[in-house]
Amino acid sequence: MAITKTDVLDTLADARLASIRFRVGPVTVSAAGYRKVAEYIEADAIKIKVGGKGTDPSYFMDSNTLRFPSDSESSNERRATILHECTHALIDIEELHVLRLEGEVAAHLAQYAYLMRLNGNPPFDDSDKAAVADALRRIHASKHPVSVIQVAFIHNLHNAKGFDKTIEHKFVSKLFKDIAGVYADVGDRAWLTDLGVPPTAEMGLRRVLEYAIRRTKSPRPPPRSPFDLPARRRERTLL
Ligand SMILES: [Zn+2]
């Protein structure tokens, strides 16, 4: 089933998001931020597109468009995917200067924190408390890459204990391998040098929203619409 504008707005308005708030670099993931994204989507300043079967869910920052595949998974996973892409949209709206790695880590952690919150259980059996304590110690001490799910879990991003946590830089860099493995087309250097969402100088999202709101209030559009600006040569996409 395809994800619609209503599905996206429904996810962004989910009261369960109120229990999730954390920071990765300059990004703050919070219900308030997602309410802001919803405002842009309601005004069609960010549009929803349906791609073909198996299309990667993406946020196109130049055309301010969220794209989802025509087929999608179970309802909880759908919701978590929507939240991931809306995290990229939030970074775009706030014009944050984040590295691709930080932006992707924030989006993935939001996705898994929300999924854990929805499923009501951690990603592995936590009935053996001693084993869990040992696993956590090993993750903390590890010099090796760890997984996004482990980082979301040990920081309790899905429950009250992790509310308002800051993810330290050492965890962001430990996630490099886990995240970079998903995006084969992004070179290693780009993760650490490219900005995740470059500032939208030509077509700031705030301006697009102001225009969209003005347009609904007045029957005559202003002479120069930001929608008419020429598209940039290469569309930058965040999966
Ligand atoms: Zn992403």
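The exposed residues A32 and R35 lie on the face of helix α2 turned away from its buried side. The model is predicted: local features need pLDDT of at least 70, side-chain atom pairs count only at pLDDT 80 or more, and totals for chains, interfaces and linings use all residues. Residues are numbered from 1 along each chain as its sequence is written.

G33, Y34, V37 and Y40 of α2 are buried. They cover an arc of only 105° around the axis, which puts them on the same side of α2. The arc is taken from the directions from the helix axis to the C-beta atoms. An α-helix has 3.6 residues a turn, so residues three or four places apart point the same way. Just after α2, D44 takes a positive phi of about 60°.

Helix α2 (residues 31–42) packs against helix α3 (residues 75–93) at an angle of about 85°, with the axes 9 Å apart. Axes are lines fitted to C-alpha atoms, for helices over the stretch in contact, and angles run from 0 to 180 degrees between N-to-C directions. The two helices are therefore roughly perpendicular, a term covering 65 to 115 degrees. G33, Y34, K36, V37 and Y40 of α2 meet C86, A89, L90 and I93 of α3. Contact requires C-beta atoms, placed from the backbone, within 7 Å.

Ten helices and seven strands occur in the protein chain. Helices (H or I, at least four residues) and strands (E, at least two) are DSSP runs, numbered from the N terminus. Of its 239 residues, 32% count as buried.

Technical notes:
Angles under 35 degrees count as roughly parallel, over 145 as roughly antiparallel, 65 to 115 as roughly perpendicular and the rest as oblique. Two residues are in contact if their C-beta atoms, placed from the backbone, lie within 7 Å. A residue is buried if 20 or more other C-beta atoms lie within 10 Å of its own, exposed if 12 or fewer, and partly exposed in between; C-beta atoms are placed from the backbone.
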